[in-house]
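Q: Can you walk me through this one? I'm new to it.

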Amino acid sequence: MDINMGLSANQREVMAGAVTRLLADTYALYFKTHAYHWNVTGPRFHALHNMFEEQYREMWEAVDEIAERVRALGVNAPISYDEMMESASIKADKKTPDADGMVANLVAGHEQVVRTAREVLALADEHDDEATADLVAPRVSAHEKTAWMLRATLG
């Protein structure tokens, strides 16, 4: 069935590709945050364990909304972890960092998601895709705030 919602097939493909990159970065950061939640140790264990849980839960909800936007644009969302990670600019750790390393890595991850989201917003503006912009703009705010809160724990 043809999709006729004011965006051409090319516009939808471009936007779905951009949104998929945001989905992949968000998913990679979600997974990293969840793994850090499991593995954090040290004197700040309780505070960081709880903070990481709050953060990964928020991202888990966002991942679903972002993937549904890809589908609304008429493109399939990634179907495997490997496919998801191919689109992600946030890479997995090779070993478990200490608590400060975890926090610093998460700051960098949230900053990367903000950069990816800003690229999506620029494309959404260029292609008159208000629905994508409406979904992505709050993600910028959420990740900027989380990066700030994480930076504050480093002193």
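**Helix contacts and core**

A: Start with two helices: Leu48, Phe52, Gln55 and Met59 in α2 meet Ala99, Met102, Val103, Leu106 and His110 in α4. Contact means heavy atoms within 4.5 Å. Helices are DSSP runs (H or I, at least four residues), numbered from the N terminus.

Q: What should I know about the source?

A: This is a predicted model, where local features need pLDDT of at least 70, side-chain atom pairs count only at pLDDT 80 or more, and totals for chains, interfaces and linings use all residues. Residues are numbered from 1 along each chain as its sequence is written, and side-chain values use heavy atoms, with hydrogens and water left out.

Q: At what angle do α2 and α4 pack?

A: About 25 degrees, with their axes 12 Å apart. Axes are lines fitted to C-alpha atoms over the stretch in contact, and angles run from 0 to 180 degrees between N-to-C directions. α2 and α4 are therefore roughly parallel (angles under 35 degrees).

Q: New topic. How many residues are in the largest nonpolar core?

A: It has 45 residues. Such a core joins buried Ala, Val, Leu, Ile, Met, Phe, Trp, Tyr and Cys residues through side-chain atoms within 4.5 Å. Buried means under 20% relative accessible area (1.4 Å probe, protein chains only).

Q: Which helix gives the most to this core?

A: α1, with 12 residues.

Q: And what does Leu22 touch?

A: Ile66, Val113, Thr116, Ala117, Val120 and Val136, not counting residues up to four places away in sequence. Leu22 is also among the residues with the most contacts inside the core.

Q: What about just after α4?

A: There, Asp128 takes a positive phi of about 55 degrees.

Conventions:
Buried means under 20% relative accessible area, exposed over 50%, partly exposed in between (1.4 Å probe, protein chains only). Angles under 35 degrees count as roughly parallel, over 145 as roughly antiparallel, 65 to 115 as roughly perpendicular and the rest as oblique.
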